[in-house]
Amino acid sequence: MDFKNATDQLFLKVDHSDLADALGVSVALIRQARLDSGAKAHRAPPKGWEKAVLTLAEKEIEHFQRLAENLRAIATDDRASRT
């Protein structure tokens, strides 16, 4: 793994469209549901949002755990080659 690949992996993120896809709704609905409840354009969150957010968060955790493991292995190999 080189610097570019490692930082590409680090800079990945979840966005509105990922959640919208997971819930089968539009990005606009996600944005409206995130508005302050007093806003005129506010909408109720889609049903099942809790499970969808949890699933996306768990995928992100797994992604970053793999990245950390790969980088830890590289760092260990690098230290071993210096001794």
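Colleague: Is phenylalanine 64 buried, partly exposed or exposed?

Modeller: A residue is classed by relative accessible area: buried is under 20%, exposed is over 50% and partly exposed lies in between (1.4 Å probe, protein chains only). Phenylalanine 64 has a relative accessible area of 30% and is therefore partly exposed. This is a predicted model, in which local features need pLDDT of at least 70, side-chain atom pairs count only at pLDDT 80 or more, and totals for chains, interfaces and linings use all residues. Residues are numbered from 1 along each chain as its sequence is written, and side-chain values use heavy atoms, with hydrogens and water left out.

Colleague: Where is phenylalanine 64 placed, and which residues is it in contact with beyond its sequence neighbours?

Modeller: Contact means heavy atoms within 4.5 Å. Helices are DSSP runs (H or I, at least four residues), numbered from the N terminus. Phenylalanine 64 is in helix 4. Leaving aside neighbours within four places in sequence, phenylalanine 64 is in contact with Gln9, Leu10 and Leu12. Between phenylalanine 64 and leucine 10, the C-alpha to C-alpha distance is 7.5 Å, although they are 54 residues apart in sequence.

Colleague: How should I read the packing of helix 1 and helix 4?

Modeller: Two packed helices are described by the angle between their axes and the distance between the axes. Axes are lines fitted to C-alpha atoms, for helices over the stretch in contact, and angles run from 0 to 180 degrees between N-to-C directions. The axes of helix 1 (residues 3-10) and helix 4 come within 10 Å and cross at roughly 155°. Helix 1 is therefore roughly antiparallel to helix 4, given that angles under 35 degrees count as roughly parallel, over 145 as roughly antiparallel, 65 to 115 as roughly perpendicular and the rest as oblique.

Colleague: Which residues make that contact?

Modeller: Helix 1 contributes Ala6, Gln9 and Leu10, which meet His63, Phe64, Leu67 and Leu71 in helix 4. These residues of the contact of helix 1 with helix 4 divide into 5 nonpolar, 2 polar and no charged. In this scheme Ala, Val, Leu, Ile, Met, Phe, Trp, Tyr, Cys and Pro count as nonpolar, Asp, Glu, Lys and Arg as charged, and the others, Gly among them, as polar.

Colleague: Are alanine 6 and histidine 63 buried or exposed?

Modeller: Alanine 6, in helix 1, counts as buried at 13% relative accessibility. Not counting residues up to four places away in sequence, alanine 6 touches Met1, Leu67 and Leu71. Histidine 63, in helix 4, is buried with a relative accessible area of 11%. With the same exclusion of residues up to four places away, histidine 63 touches Gln9 and Leu12.

Colleague: How do helix 2 and helix 3 cross?

Modeller: The axes of helix 2 and helix 3 (residues 27-34) come within 8 Å, crossing at roughly 110°. The two helices are therefore roughly perpendicular to each other. His16, Ser17, Leu19, Ala20 and Leu23 of helix 2 make the contact with Val27, Ile30, Arg31 and Arg34 of helix 3.

Colleague: Which residues make up the largest nonpolar core?

Modeller: In soluble globular proteins, nonpolar side chains tend to be buried together. A nonpolar core is a set of buried Ala, Val, Leu, Ile, Met, Phe, Trp, Tyr and Cys residues joined through side-chain atoms within 4.5 Å. Here the largest such core has 6 residues: Leu19, Ala20, Leu23, Ile30, Ala52 and Leu56. Helix 2 (16-23) and helix 4 (49-82) are the elements that give two or more residues to this core. Helix 2 supplies the largest share, 3 residues.
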